[in-house]
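This report describes the pockets and cavities of one protein model, together with a helix that takes part in them.

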Amino acid sequence: MLDLSRLRALHAVSVHGSVSAAAVALGYTPSAVSQSITKLERETRTTLLERRGRGIALTDAAVRLAEAAHELLTLVERAETELEERRGLPTGRLTVGAFASAARGLLPGVLAALAREHPSLDTRLVEVDPHLSVGLVEQGVLDLTVTFEWDISPLPVPEGLERIRMGADLCDILVPRGHALAGRDGLCHADLEGQRWISQPPGTVCHDWLVRTLRASGDDPDLAYQAAENHTHVALVAAGLGIALAPRLGRGPLPPEVVALPLEPVPVRHLFAYWRKGAARRPAIRETVRMLREQWPDRSF
């Protein structure tokens, strides 16, 4: 009899590509995931992981076993959903994904409310890049995710998923207080030409949006500083090194050295919650979605 928790560990490694990344997604230590895989190898008398350079790779047998594990986990989720639905109360484990700003500016209050009102529900949070999170829900690694799309870059809705729009997160241009633009009441795209930018790294949704938007206005942006964390952007602006596009969600109070200016047209991120259709009846999903919408802050100011 194969152990389900060990199959879950193998499935996570197959999705994330490494033991350490699988451990983060599962909420385990890397050592615990490695031990689970080792025990599964003994149970199956099969080599499942092999070294390739500095990393690891699944053997052919492991790939087939991970595919079977995905099918088994789907069946287990269906059974758990039916049991939870009969009880009528959110129970069991719920793994929620969120991008950094939502993990900081929205999820703490939601998760605290869920823990307070539903003590039988074990919620877990995984911070994940927006462009990865929908796929992780589809693969069964996450039960629900909070992600976003820009107007010019809509997200797909895979056939097996459902989503709901939660609200709009408006963005401002941050400039140093001594900057030539700091005294303006507002900005247009022409005002941004020739500026030194602080941006997200290449390959991220925000980076792609910024480059595409500015190039559409005829400007090839000078991305002088690239950092993944929005709070780092604020610190770099405060040091007078450039300007940045900054969403309001999770931003917090700005230091006195930084001025936020509205841009016309206003850049908007639309936030969505995604979950699998098979789990839509689960009370934990319904309750989490309700609280997400209930606690969504008004970002229209």
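In the class counts below, Ala, Val, Leu, Ile, Met, Phe, Trp, Tyr, Cys and Pro are nonpolar, Asp, Glu, Lys and Arg are charged, and the others, Gly among them, are polar. By these classes, the lining of the largest pocket holds twelve nonpolar, twelve polar and 14 charged residues. The model is a predicted one.

**Pockets**

Two or more lining residues come from each of α1 (4–16), α2 (19–26), α4 (60–87), β3 (92–98) and β4 (121–127). The biggest share belongs to α4, which gives eleven residues to the lining of the largest pocket.

For the second largest pocket the volume is about 320 Å³. Its lining has 19 residues, with A100, D129, P130, Q200 and A228 nearest the centre. At least two lining residues each are supplied by α5 (100–105), α7 (130–138) and α8 (205–216). Here α5 gives the most, with three residues. The class count for this lining is nine nonpolar, five polar and five charged residues.

**Helix α7**

Helix α7 is one of the elements that line the second largest pocket, and P130 of this helix is among the residues nearest that pocket's centre. P130 is also buried, as are S133, V134, L136 and V137 of α7. Viewed down the helix axis, these buried residues fall within an arc of 160 degrees, so they line one face of α7. Among the elements covering them are α1, β5 (144–150), β6 (161–176), α8 and β12 (268–276). Just after α7 comes G140, which has a positive phi of about 90 degrees.

**Cavities**

Three cavities of 30 Å³ or more are counted.

W150, I198, S199, Q200, C206, H207, L210, N230, H233, L245 and P247 line the largest cavity. Each of β8 (196–199), α8, α9 (230–238) and β10 (243–247) supplies at least two of the lining residues. The most come from α8, with three residues. This lining has six nonpolar and five polar residues but no charged ones. Q200, which lines this cavity, is also among the residues nearest the centre of the second largest pocket.

The second largest cavity is lined by L174, N230, H231, H233, V234, L245, A246, P247, L249 and R251. At least two of its lining residues come from α9 and at least two from β10. With four residues, α9 gives the most. By class there are six nonpolar, three polar and one charged. N230, H233, L245 and P247 occur in the linings of both cavities.

**Summary of volumes and leading elements**

| Space | Volume | Element giving the most to the lining |
|---|---|---|
| Second largest pocket | about 320 Å³ | α5, three residues |

Note on methods. Residues are numbered from 1 along each chain as its sequence is written. This is a predicted model: local features need pLDDT of at least 70, side-chain atom pairs count only at pLDDT 80 or more; totals for chains, interfaces and linings use all residues. Side-chain values use heavy atoms; hydrogens and water are left out. On a 1 Å grid over the protein atoms alone, a cavity is a set of points where a 1.4 Å probe fits but cannot get out, and a pocket is an open set with protein on both sides within 12 Å along at least five of seven lines; lining residues have an atom within 4 Å of a point. Grid points are joined across faces, edges and corners, and a volume is the space filled by probe spheres set on the points. Buried means under 20% relative accessible area, exposed over 50%, partly exposed in between (1.4 Å probe, protein chains only). The arc is that of the directions from the helix axis to the C-beta atoms. Contact means heavy atoms within 4.5 Å.
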